Amino acid sequence: MNSAAAINQTEIDQTEIDHDDSIQGASPDRYRINWIMNLPFLGMHAACLGAFWVGISWKPVALCAALYAIRMFGITAGYHRYFSHRSYRTSRAFQFFLAWIGCSALQKGPLWWAALHRHHHRNSDEKEDVHSPLQSGFWWSHVGWIMSNKYEATDFNVIKDFSQYPELRWLNRYWAVPGVLLAAACFFFMGWPGLIWGFFISTVLLYHGTFVTNSLCHMLGRIRYKTADTSRNSFILALVTLGEGWHNNHHYYSASARMGFFWWEVDISYYTLRCLSLLGLVWDIKKPKDRVLKMCEPRPRVETQYRG
Ligand SMILES: [Zn+2]
Ligand SMILES: [Zn+2]
């Protein structure tokens with residue numbers, strides 16, 4: 001198996017990842033939104049209204065659901081658990097495949113995404129945190145920060161381990177290519193209903209399905225582990241996000257590819273990774289250690305004051 005061998009795959013915790021906080025400072029101008037630059041993002045939402053024109057039928061809706069699930073896997077298992085946390089290993093070819101699927105969700109490139117996510121773990125709910133509902137309110141943590149000029153650049157210092165691959169740097173730069181090709185394929189195979197449901201509506205649901213990890217997963221649910229942030233566990237959000245809703249577990253032990261620590265904590269991305277490991281496509285999947293599972297006495301709920 002062709003391994004992405006150049007990566008030093010020691011078990012790492014996010015606190016050990018090299019970082020540079022300089023570009024993500026907490027200056028007030030970070031709240032400035034460039035509405036012109038965000039017209040494509042806003043246009044994606046407006047295009048969903050096309051559903052009133054094409055109507056509703058089961059094939060385009062099934063395409064919408066399938067492309068939501070596949071691309072959510074690209075974000076959760078690819079962008080998040082692999083590129084941000086290196087919680088399992090894979091080949092260079094499959095690594096590129098994961099990056100491509102993640103890119104087709106149109107949430108920018110894998111290196112950009114993972115670099116900012118590593119920053120989130122280092123500064124969770126502190127003033128430097130790019131998307132903290134505690135610091136900046138629900139709307140900012142959910143969608144505002146994505147529309148801010150301040151966070152457009154990729155901080156390659158934080159993601160040196162994957163920046164060494166030219167194909168990933170290319171995808172990071174031309175991140176819209178997989179999404180545009182997907183839109184063309186939806187239109188080619190299923191016409192306007194395929195484009196509206198399979199691409200626009202699916203992508204917008206995917207935006208907000210992903211964004212709740214930054215907003216609601218720090219606001220709603222139970223706290224199991226005493227972490228330095230407001231992360232929480234939520235069954236409903238775990239279903240929407242294919243497992244990311246076990247966010248308190250994740251903040252406590254971010255090295256694990258498994259976010260639902262117990263059998264009743266549904267984690268579809270993890271189950272999928274287990275299936276892929278049976279096929280030999282991924283391996284060395286990291287799981288929570290026994291000592292982590294034993295330290296899970298429930299903690300009294302902490303009520304937090306949120307802005308906005
Ligand atoms: Zn994470
Ligand atoms: Zn978080």
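## Contacts around F162

Two residues are in contact if their C-beta atoms, placed from the backbone, lie within 7 Å. By that test, and leaving aside neighbours within four places in sequence, F162 is in contact with F83, L111, A114 and L168.

The model is predicted: local features need pLDDT of at least 70, side-chain atom pairs count only at pLDDT 80 or more, and totals for chains, interfaces and linings use all residues. Residues are numbered from 1 along each chain as its sequence is written, while chains are lettered from A and ligands numbered from 1 in the order in which they are written.

## Overall make-up

The chain holds 14 helices and two strands. These are DSSP runs, numbered from the N terminus (helices: H or I, at least four residues; strands: E, at least two).

Of the 308 residues in the chain, 44% are buried. Buried requires 20 or more other C-beta atoms within 10 Å of the residue's own; exposed means 12 or fewer, and partly exposed lies in between. Among contacts with a separation of 6 or more, 73% join residues 24 or more positions apart.

## The largest nonpolar core

A nonpolar core is a set of buried Ala, Val, Leu, Ile, Met, Phe, Trp, Tyr and Cys residues joined through C-beta atoms within 7 Å. The largest one has 58 residues, and L111, A114, A115 and F162 touch the most other members. Several helices supply at least two residues each, including α4 (92–103), α5 (110–122) and α10 (176–211). The largest share, 11 residues, comes from α3.

In α3, 19 of 27 residues are buried. R86 follows the helix, with a positive phi near 50 degrees.

The axes of α3 and α4 come within 8 Å and cross at roughly 125 degrees. Therefore α3 is oblique to α4. Axes are lines fitted to C-alpha atoms, for helices over the stretch in contact, with angles from 0 to 180 degrees between N-to-C directions. Under 35 degrees counts as roughly parallel, over 145 as roughly antiparallel, 65 to 115 as roughly perpendicular, and the rest as oblique.

On the α3 side, the residues that meet α4 include I70, R71, G74 and Y82. Their counterparts in α4 are L98, A99, I101 and G102.

## L205 in α10

L205 lies in helix α10. L205 is partly exposed because 18 other C-beta atoms lie within 10 Å. L205 and A65 are 140 residues apart in sequence, yet 9.6 Å apart in space, C-alpha to C-alpha.
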